[in-house]
Amino acid sequence: MTAKYGWFLLAPPLATVCVLFVVPVVYLFWVSLHAPSTSELYAASLTLHNYVDLLRDSFYLTIIGRTLGVAAVILGLCLVIGYPVAYFVAVLPPRRRMLALLLLLFPLMVSNVVRAYGWVALLERQGVVNTTLRDLRWIDAPLDLLYTPSAVVVALMTILLPYMVISIANTLAALDRRYEEAAQALGASPLRTFVHVTLPLSTPGIASGTLLVFLLTLSAYVTITLLGGPRSKLLVSMIYDSVTAFQWPRAAALAFVLLALALVFTALIVALLRPGRVQGTAR
Amino acid sequence: MNGDMADVRLVGVRKRFGGVVAVSDVSVDIARGTIFSLLGPSGCGKTTTLRLIAGFEQPDAGDVYIRGVRVTSTPPYRRDFSMVFQSYALFPHLTVAENVVFGLRMRRIARGERARSVDEALELVKLGALADRYPRQLSGGQQQRVALARAIVVKPAVLLLDEPLGALDKMLREEMQVELRSLQQRLGITAVFVTHDQEEALTLSDRVAVMRDGVIEQIGAPRDIYDRPRNAFVASFLGASNFVEGNIVAREAGVNVVETPAGRVTVRADRPIGERVRIAVRPERLRLDPIDGEGIPARIRDVLYRGPVTHFYMDSAAGPLIAYRQDARAGEWSIGDRVHCAWDADGAVVLDEAPAKRAASGEVTR
C-alpha cells in the first residue's frame with residue numbers, strides 16, 4: 001500500500017471529521033467571542049467579555065471549583081475502590097475474567113436516567129434510606145440526602161467505576177507475571193513488589209481509567225441534574241441554563257472553559273504518569 | 001560429595017500439577033562454585049525443578065536446602081538466590097542502572113555501596129556506557145547482559161538461569177556461553193542452569209542432570225554422560241548414537257566381545273557371557289576401514305558433507321549405522337561403497353536397559 005493510496009482511503013473520514021467536528025468547534029469559538037443578542041445567535045461586536053465575566057464572577061468560579069471538586073472526589077474513590085477490584089479480576093483465569101468483566105459492564109446496560117431515578121427513590125426525603133433510618137429510630141427528621149454534591153458523587157461514581165476497573169484490569173491482566181517473579185527473586189516482599197513493579201507497570205491502565213472517569217464526570221448531565229438539583233449545579237448545567245436563556249455566546253464560552261479544563265487535566269495526567277514509558281515487551 | 005559443600009540440595013522432591021507429575025522424586029547436591037545443568041526436552045520437569053529451588057512452586061513432598069538451610073516453605077523473596085529469566089524480565093520502567101540496583105535496594109544495602117556494586121557489575125558485563133538507557137533501547141544481547149548483571153550484583157548463594165541464552169542467535173549464544181563460564185569461574189558463583197540445548201549443557205557445566213518425565217535419568221560430568229550414557233534416551237539426547245544389540249560371547253580384562261547379527265564387536269564392560277546387551281557407540285568413534293578390515297561389514301547409503309565433518313550413513317546386518325569423519329578426503333568413500341565399521345572397546349558402552357526382543361536389532365537416533 002503506497003502513501004498515495006493511504007491518503008485516498010483516509011480522505012472520507014478526514015473530511016467527515018473536518019465538517020462535523022473541526023468546523024463546528026471553530027465556529028463555536030467564534031460565537032464565544034461575541035456579545036449576546038436578543039434576536040440573533042450573537043451580536044456583531046467582537047468581545048472577550050464572556051470569558052472575562054466568567055473568570056471574575058465568584059458565582060461561576062464557585063461552580064468551576066465545585067465541578068473540579070466533585071470530579072476529584074469521584075476520581076479518588078474510583079481509584080481507591082477500583083484498583084483492588086481490578087487486581088482481583090486480573091488474576092482470575094481467562095474465562096472467569098471475561099465473565100467478571102461482563103458482570104462489570106452489566107450496569108452500563110441500564111440507562112443513566114433510570115439509574116438516576118433509582119438514586120432519587122433511595123435518597124429523597126420519603127425515600128428508602130430515610131424511611132429505613134426513621135423506622136430504626138436512628139433519626140427523628142429526614143436527612144437532606146438528595147440535591148447535594150454527595151448525592152452526585154455517589155451516583156456518578158457508581159456509574160463510572162466500571163470504566164476504571166476495566167481499564168486497570170486489562171493492563172494488569174496483560175502484565176507478564178515474570179516481572180513480579182523477577183522482583184521477588186531479587187528479594188522484594190509482595191508489598192514492595194507491588195509498590196516498585198506492579199503499580200508502576202499498571203500506569204497505562206491507571207491513566208486511561210483516570211482520563212475516562214474525569215472526562216465523563218465533566219460532561220455528565222442527567223445524573224448531576226436529577227441528583228444535584230438547583231442547589232448543586234456543575235459547569236454542564238450552566239451551559240444548559242445559558243442555552244435555554246438564549247445566551248448563546250456565554251454558553252459557548254462555558255463550553256470552552258470545560259474543554260480547557262479537560263485538556264489541562266489530560267496533559268497533567270500524561271506528564272505525571274508517563275504511561276508511555278512502560279510500553280515495550282519483556283524481551 | 002561432601003554435603004556441607006552443597007549450596008543447593010534437593011531431597012526427594014516431588015511436584016504434580018493436576019494429574020501431571022512434573023517432578024518425581026528428584027534428589028541432587030550442587031557443590032559450591034560449580035555450574036549444574038538441568039538438561040532435557042520440553043516438559044521434562046527441568047524448569048519446574050528450578051522454580052522449586054526458587055520457591056515459585058511448592059513441592060508436594062521432599063525438601064529444598066540452600067546453603068544448608070531448609071527453605072522448603074520459605075517464600076522466594078526470603079531465599080538467597082537470584083534468577084535470570086528466559087525473557088529476561090527486565091523492568092521496562094527502570095533504566096539499566098535502576099534495574100541492576102533493584103536487588104540491592106530490596107536488600108537495604110547502603111547507598112554508597114550500592115553505587116559501587118552497580119558500577120562493578122555493569123563493568124563485568126561491559127555495559128557501563130549504557131547505564132542510563134531503558135531496556136527497550138537495548139539489543140537482545142545487551143538485555144541479556146543487564147539481566148545477568150542484575151542477578152550477580154546481589155552476590156546470591158545460588159544463581160538460577162532459566163534458558164537464559166535461548167532468545168539469542170547462534171553466534172551470540174556461543175559467545176555468551178564462554179563469557180558466562182568465565183564470569184562464573186571468576187566470581188566463584190554456584191549456578192543452576194536450565195537448557196534443552198545439549199551442546200550448551202556440555203560447554204557450560206561442571207555437572208549435568210539429564211531429565212525425562214520428571215525423573216533424572218543420569219547425573220555426571222559432561223564427558224561422563226556423553227561418553228558413558230546409561231540408557232538410549234541419554235545417549236540420543238546428547239547427540240547421535242549407534243545402537244547395536246547382541247550376545248556376549250567373551251569376557252576378558254574388562255572387555256566384552258559381543259556377537260551381533262553382522263559380526264563381533266568389542267565394548268569396555270564386564271558382563272557375564274551369554275547376556276544379551278545393547279551397546280551404544282558415538283558416530284565419531286566409528287572407524288571406516290576398507291572391505292578387508294575388521295568390524296561390521298556395511299554399505300554406504302548416504303554421504304553428507306558438513307564442513308568440518310562428513311557424515312556417513314550406512315546399512316549393516318546389525319542395523320543402520322552413522323559415522324562422523326573429520327579427515328575424510330573428497331572421493332575417499334562414496335555412496336554404494338562397501339566398508340567395515342569398527343571401534344575401540346573404549347568407544348562403546350553397554351546400556352543399562354535390557355534390549356527389546358525384536359528381530360531388527362539396530363537403530364540410529366539423531
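How many residues of domain 1 of chain B are in contact with domain 2 of chain B, and how many residues does domain 2 give?

Analyst: Five residues of domain 1 of chain B are in contact with six residues of domain 2 of chain B; two residues are in contact if their C-beta atoms, placed from the backbone, lie within 7 Å. The model is predicted, and local features need pLDDT of at least 70, side-chain atom pairs count only at pLDDT 80 or more, while totals for chains, interfaces and linings use all residues. Residues are numbered from 1 along each chain as its sequence is written, and chains are lettered from A and ligands numbered from 1 in the order in which they are written.

Domain 1 of chain B covers 3-232 and domain 2 covers 240-361; these bounds come from an automatic or database domain assignment. Taken over C-alpha atoms, the centres of the two domains are 39 Å apart. On the side of domain 1 that touches domain 2, two residues are nonpolar, one is polar and two are charged. Here Ala, Val, Leu, Ile, Met, Phe, Trp, Tyr, Cys and Pro count as nonpolar, Asp, Glu, Lys and Arg as charged, and the others, Gly among them, as polar.

Next come the sheets of chain B. In chain B, four strands form an open sheet in the order β2-β1-β4-β5, with antiparallel pairing. Strands (E, at least two residues) and helices (H or I, at least four) are DSSP runs, numbered from the N terminus, and two strands pair if DSSP finds at least two bridges between them. The edges are β2 (20-31) and β5 (69-70) of chain B, each with a single partner strand, so one side of each has no neighbour in the sheet.

β2(B) is joined by eight bridges to β1 (residues 6-17) of chain B, and the two run antiparallel. B:Ala6 stands opposite B:Ala31 in β2(B). Helix α1 (residues 46-54) of chain B packs on this sheet, where it touches β1, β2 and β4 (61-66) of chain B. The direction of α1 makes about 60 degrees with that of β2(B); axes are lines fitted to C-alpha atoms, for helices over the stretch in contact, and angles run from 0 to 180 degrees between N-to-C directions.

β1(B) also pairs with β4(B), in the antiparallel sense and over five bridges, and B:Leu10 stands opposite B:Val64 in β4(B). β4(B) in turn pairs with β5(B) over two bridges, again in the antiparallel sense. There B:Tyr65 stands opposite B:Arg70 in β5(B). The hairpin of β4(B) and β5(B) has two residues between the strands, and B:Arg67 takes a positive phi near 50 degrees in this hairpin. In a regular strand the side chains alternate between the two faces of the sheet.

Another open sheet of chain B has six strands in the order β6-β7-β8-β3-β9-β10, with mixed pairing. β6 (81-84) and β10 (215-220) of chain B stand at its edges with a single partner strand each, so one side of each is left without a neighbour in the sheet. On average, neighbouring strands of this sheet are turned by 20 degrees against each other, direction ignored. Within this sheet, β7 (residues 158-162) and β8 (residues 191-195) of chain B run parallel and are joined by four bridges. B:Asp162 stands opposite B:Val194 in β8(B). Helix α4 (residues 140-152) of chain B lies across β6 and β7 of chain B and runs at about 175 degrees to β6(B).

Helix α2 (residues 96-106) and helix α3 (residues 111-124) of chain B pack at about 125 degrees, with their axes 10 Å apart. α2(B) and α3(B) are therefore oblique to each other; angles under 35 degrees count as roughly parallel, over 145 as roughly antiparallel, 65 to 115 as roughly perpendicular and the rest as oblique. Residues in this contact include B:Val100 and B:Leu104 of α2(B), and B:Arg114 and B:Val118 of α3(B). By class, the contact of α2(B) with α3(B) has seven nonpolar residues, one polar and one charged.

Last is the other chain. The contact takes 23 residues from chain B and 20 residues from chain A. On the chain A side, α8 (177-185) and α9 (190-201) are the elements that give two or more residues. The largest share, six residues, comes from α8(A). The residues of that side of chain A divide into 10 nonpolar, four polar and six charged.
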